[in-house]
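I opened this notebook to record what I looked up in one protein model. The entries follow the order in which I made them.

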Amino acid sequence: MLKPLKDMVVAVIEKPLEKTESGILLGEAKEKPVYAEVESVGPEVKDVKKGDKIIYKEYAGTNLKVEGREYIIVKEEDVLATL
């Protein structure tokens, strides 16, 4: 398991939504929000916890693949919302 430092959040990336639950197709946008589930948080993170689903900007953070799983490492300030 990845152990983040300071105010960093490690999350497992989820596939971006192509349509809403009610069936509305989402159009193409330059920068779409992306979803992930928090795997672990650094010691300085205050508002996000393990297991939270987060939304962050598409080009924020660092993407990496470990043992076949895709992760994102972002600063807590780059997290737009939790679900």
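The entries below cover strands, backbone angles, a core and charged pairs.

**Entry 1: The model**

I noted that the model is predicted, that local features need pLDDT of at least 70, that side-chain atom pairs count only at pLDDT 80 or more, and that totals for chains, interfaces and linings use all residues. Residues are numbered from 1 along each chain as its sequence is written, and side-chain values use heavy atoms, with hydrogens and water left out.

**Entry 2: Strand pairing**

I looked up the strands, which are DSSP runs of E with at least two residues, numbered from the N terminus. Two strands pair if DSSP finds at least two bridges between them.

I found that β1 (residues 8-13) pairs with β5 (residues 69-75) in the antiparallel sense, over five bridges. Within this pairing I located V9, whose bridge partner in β5 is V74.

I then turned to β4 (residues 62-66), which runs antiparallel to β5 and is joined to it by five bridges. Here L64 has Y71 in β5 as its bridge partner. I recorded β4 and β5 as a hairpin with two residues between them.

**Entry 3: Positive phi angles**

Which residue in the turn of the hairpin has a positive phi? I found E67, with a phi of about 50°. E67 is a residue other than glycine, and its place is in the loop between β4 and β5.

For accessibility I used these classes: buried means under 20% relative accessible area, exposed over 50%, and partly exposed in between (1.4 Å probe, protein chains only). E67 counts as exposed because its relative accessibility is 81%.

I also noted K6, which has a positive phi of about 45° although it is not a glycine. K6 is placed in the segment before β1. With 55% relative accessibility, K6 counts as exposed.

**Entry 4: The largest nonpolar core**

A nonpolar core is a set of buried Ala, Val, Leu, Ile, Met, Phe, Trp, Tyr and Cys residues joined through side-chain atoms within 4.5 Å. The largest one holds 13 residues, and those that touch the most other members are V9, A36, V48, I54, Y56, I72 and V74. I listed the elements that give two or more residues to this core as β1, β2, β3 (53-57) and β5. The largest share, three residues, comes from β2.

I then looked up the contacts of A36, where contact means heavy atoms within 4.5 Å. Not counting residues up to four places away in sequence, A36 touches A11, V12, I13, E14, D52, K53, I54, Y56 and I72.

**Entry 5: Salt bridges**

Side chains of opposite charge can pair when their charged atoms come close. A salt bridge is a side-chain nitrogen of Lys or Arg within 4 Å of a carboxyl oxygen of Asp or Glu.

How many salt bridges does a search of the whole structure find? The search finds four. One of them joins the side chains of E14 and K53, at 2.8 Å from N to O. E14 lies in the loop between β1 and β2 and K53 in strand β3, so this pair ties together parts that are 39 residues apart in sequence. E14 is partly exposed at 26% relative accessibility, and K53 is partly exposed at 33%.

K53 also meets E37 in a salt bridge, at 3.8 Å from N to O. Because E37 lies in strand β2 and K53 in strand β3, this pair ties together parts that are 16 residues apart in sequence. E37 counts as partly exposed, at 33% relative accessibility.

I next examined E39, which lies in strand β2 (residues 33-41). E39 forms a salt bridge with R69, the closest N and O atoms being 3.9 Å apart. R69 lies in strand β5, so the pair ties together parts that are 30 residues apart in sequence. Is E39 buried or exposed? E39 is buried, with a relative accessible area of 16%, whereas R69 is partly exposed at 38%. I also noted that salt bridges that share partners join E14, E37 and K53 into one network.

Leaving aside its neighbours within four places in sequence, E39 is in contact with M1, V10, A11, V12, K50, R69 and Y71.

Terms used: Helix = DSSP H or I, 4+ residues; strand = E, 2+ residues; numbered from the N terminus.
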